[in-house]
Amino acid sequence: MALKKQNIGNFRELNVYRKALIFNKQMNTLIDSFPAYEKNNLSDQLRRASTSVCANLAEGCGNYYYKKEFDRLNTAIGSLCECRAFLDIATMLGHLEREEYHELDGEAEEILKMLIGMAKRIEKILEEDAS
């Protein structure tokens, strides 16, 4: 049987969730500065990926089982890595200045470290349960 959590957490209390929300807002502000021809390509992908980080954090935290939370954290990590790739592309295409790129990528790196820390904590719980 899958290991159940003692209680369902409030994702809004997580620092990483608050940082992800701010990052999402920063991505939306950045997207507004992109050329119109990027609307259905880079803009849409970046918007979806940055929103996915927040949504998967919320879904995972609100889930009853550790394994499902771990899976959602893994998806959030993947979505954040997508955002970083899209920042690389936006910079390469000239839609983003280097200074802003480094600032936003640094924010993403900080969130990534927090997500990995959460995933490792859950992984440890799951491993202890399996032994």
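Helices (H or I, at least four residues) and strands (E, at least two) are DSSP runs, numbered from the N terminus. This is a predicted model, in which local features need pLDDT of at least 70, side-chain atom pairs count only at pLDDT 80 or more, and totals for chains, interfaces and linings use all residues. Residues are numbered from 1 along each chain as its sequence is written, and side-chain values use heavy atoms, with hydrogens and water left out.

View 1. The C-alpha trace spans about 50 × 20 × 20 Å along the principal axes.

**View 2. Helix α2 meets helix α3.** α2 covers residues 39–61 and α3 covers residues 66–92. Their axes come within 8 Å and cross at roughly 160°. Axes are lines fitted to C-alpha atoms, for helices over the stretch in contact, and angles run from 0 to 180 degrees between N-to-C directions. α2 and α3 are therefore roughly antiparallel to each other (an angle over 145 degrees). The crossing is left-handed: the near helix is turned anticlockwise from the far one by less than a right angle. Contact means heavy atoms within 4.5 Å. On the α2 side, the contact residues include Leu42, Leu46, Val53 and Leu57. On the α3 side, they include Leu73, Leu80, Phe86 and Ile89. By class, this contact has 13 nonpolar, seven polar and four charged residues. Ala, Val, Leu, Ile, Met, Phe, Trp, Tyr, Cys and Pro count as nonpolar, Asp, Glu, Lys and Arg as charged, and the others, Gly among them, as polar.

**View 3. Helix α1 meets helix α4.** The axes of α1 (residues 15–32) and α4 come within 10 Å and cross at roughly 150°. That makes α1 roughly antiparallel to α4. This crossing is left-handed. Among the α1 residues in contact are Val16, Phe23, Met27 and Leu30. Their α4 partners include Leu104, Ile111, Met114 and Met118. The contact of α1 with α4 has eleven nonpolar, two polar and five charged residues.

**View 4. The largest pocket has a volume of about 170 Å³.** On a 1 Å grid over the protein atoms alone, a pocket is an open set of points where a 1.4 Å probe fits, with protein on both sides within 12 Å along at least five of seven lines; lining residues have an atom within 4 Å of a point. Grid points are joined across faces, edges and corners, and the volume is the space filled by probe spheres set on the points. Lys5, Asn10, Tyr66, Glu69, Met118 and Arg121 are among the lining residues. α3 and α4 (98–130) each supply at least two residues of this lining. The lining divides into four nonpolar, four polar and three charged residues.

How values were computed
Parallel < 35°, antiparallel > 145°, perpendicular 65-115°, else oblique.
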